Amino acid sequence: MYIAYLEELLGTPGCDNLLFDNMAIILRSEEICALCRVCAILHYSISMPMRWLAAKTQALAEYNWSIRSMGRAIDLVFTAVRKIKDDGSLL
């Protein structure tokens, strides 16, 4: 989406902007594409479930879940991320 927008701007007559050229090149790189994928994976696998747990703490009280239980969840996430850091193939 960003690349299409930049290409449209770059195709405009009289648009000689070095920053736009640089940004279009960077956004096409494999590293940026891989980073976007990793960030999406982390968002959907860690951020959203943790936000859900934090929002539903009162509703989960009948299952012996409280705000203190979030500490255990964070410890589990920390341990899992540390394992991923040590062995990148787990990602």
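Predicted model: local features only at pLDDT ≥ 70, side-chain atom pairs only at ≥ 80, totals over all residues.
Reader: How many helices and strands does the chain have?

Author: The chain has four helices and zero strands. In sequence order the pattern is α-α-α-α.

Reader: What span should helix α3 have, and how far apart are its end C-alpha atoms?

Author: Helix α3 covers residues 30-55, and its 26 residues at 1.5 Å a residue should span 38 Å. The end C-alpha atoms are 36 Å apart, which agrees.

Reader: Where does α3 bend?

Author: The bend is at histidine 43 and comes to about 35 degrees.

Reader: Which residues form the largest nonpolar core?

Author: In soluble globular proteins, nonpolar side chains tend to be buried together. Here the largest such core has six residues: Met50, Leu53, Leu60, Trp65, Met70 and Ala73. Helices α3 and α4 are the elements that give two or more residues to this core.

Reader: What is tryptophan 65 in contact with, beyond its neighbours within four places in sequence?

Author: Tryptophan 65 is in contact with Leu53, Thr57, Leu60, Met70, Arg72 and Ala73.

Reader: What share of the chain is buried?

Author: Buried residues are 12% of the 91 in the chain. The accessible surface is about 7700 Å², and carbon and sulfur atoms hold 63% of that surface.

Technical notes: Residues numbered from 1 in each chain as written. Heavy atoms only, no water. Expected span 1.5 Å × (residues − 1). Bend = angle between axes of the 7 residues up to and from the residue. Buried < 20%, exposed > 50% of the residue type's maximum accessible area, 1.4 Å probe, protein only. Areas by Shrake-Rupley, 256 points an atom, 1.4 Å probe, with all protein chains shown as cover. Core = buried A, V, L, I, M, F, W, Y, C linked by side-chain atoms within 4.5 Å. Contact = heavy atoms within 4.5 Å.
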